[in-house]
Amino acid sequence: MPVFGRDPARYRVLSPIAQVGGKDVGDWLLLYAGARPDAAKQSALLAAALRRAGRKAQRVMVPSSTPNPVAAHREINETFGTAGFAANAAIEALMKRVAGK
């Protein structure tokens, strides 16, 4: 069973895109797993929605070895910030912008 169930109405409510325009932060960094074409599309849609709402949004593809969503997220979580992680430069730049340095 999918993590959020099978109800399409529930998916629409839980979608990050449905939350855009609320109390969003102004600067977003969206990391997505490269082995998942659906993740690339979803991150592009979210970035576009954030930009329409006046937010900054940058997308960074993180190489992954699996198209499995759970395993791909685990790979990102386990390698986040380690030497050679694909998004390190983007993460550091975001932190500097947010901190105003």
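The buried residues of helix α3 are covered by elements that include α2 (16-19), β1 (27-33) and β2 (56-62). This description concerns a predicted model. Two salt bridges are counted in the model, and a nonpolar surface patch is made by Phe4, Tyr11, Val13 and Leu14.

**Helix α3**

- Helix α3 comprises 16 residues, 37-52, and at 1.5 Å a residue it should span 22 Å; its end C-alpha atoms lie 23 Å apart, which agrees with that expectation.
- The buried residues of this helix are Ala39, Ser43, Leu46, Ala47, Ala49 and Leu50.
- After α3 comes Gly54, which has a positive phi, near 85°.

**Salt bridges**

- Side chains of opposite charge can pair when their charged atoms come close.
- Arg97, with a relative accessible area of 38%, is partly exposed.
- Arg36 and Asp38 also meet through their side chains in a salt bridge, at 2.7 Å from N to O.
- Within this pair, Arg36 is buried, with a relative accessible area of 9%, whereas Asp38 is partly exposed at 35% relative accessibility.

**Asn88 in helix α5**

- Asn88 is located in helix α5, which covers residues 88-99.
- The relative accessibility of Asn88 is 18%, so this residue counts as buried.
- When residues up to four places away in sequence are not counted, Asn88 touches Gly81, Thr82 and Ala83.

**Nonpolar surface patch**

- The patch made by Phe4, Tyr11, Val13 and Leu14 has an area of about 390 Å².
- Val13, one of its members, lies in helix α1, residues 8-14.
- Val13 is exposed, because its relative accessible area is 57% and exposed means over 50%.

How values were computed
Residues numbered from 1 in each chain as written. Predicted model: local features only at pLDDT ≥ 70, side-chain atom pairs only at ≥ 80, totals over all residues. Heavy atoms only, no water. Helix = DSSP H or I, 4+ residues; strand = E, 2+ residues; numbered from the N terminus. Expected span 1.5 Å × (residues − 1). Buried < 20%, exposed > 50% of the residue type's maximum accessible area, 1.4 Å probe, protein only. Contact = heavy atoms within 4.5 Å. Patch = residues over 30% accessible without salt bridge, like charges linked within 9 Å, V, L, I, M, F, W, Y side chains within 5 Å. Areas by Shrake-Rupley, 256 points an atom, 1.4 Å probe, with all protein chains shown as cover. Salt bridge = Lys/Arg side-chain N within 4 Å of Asp/Glu carboxyl O.
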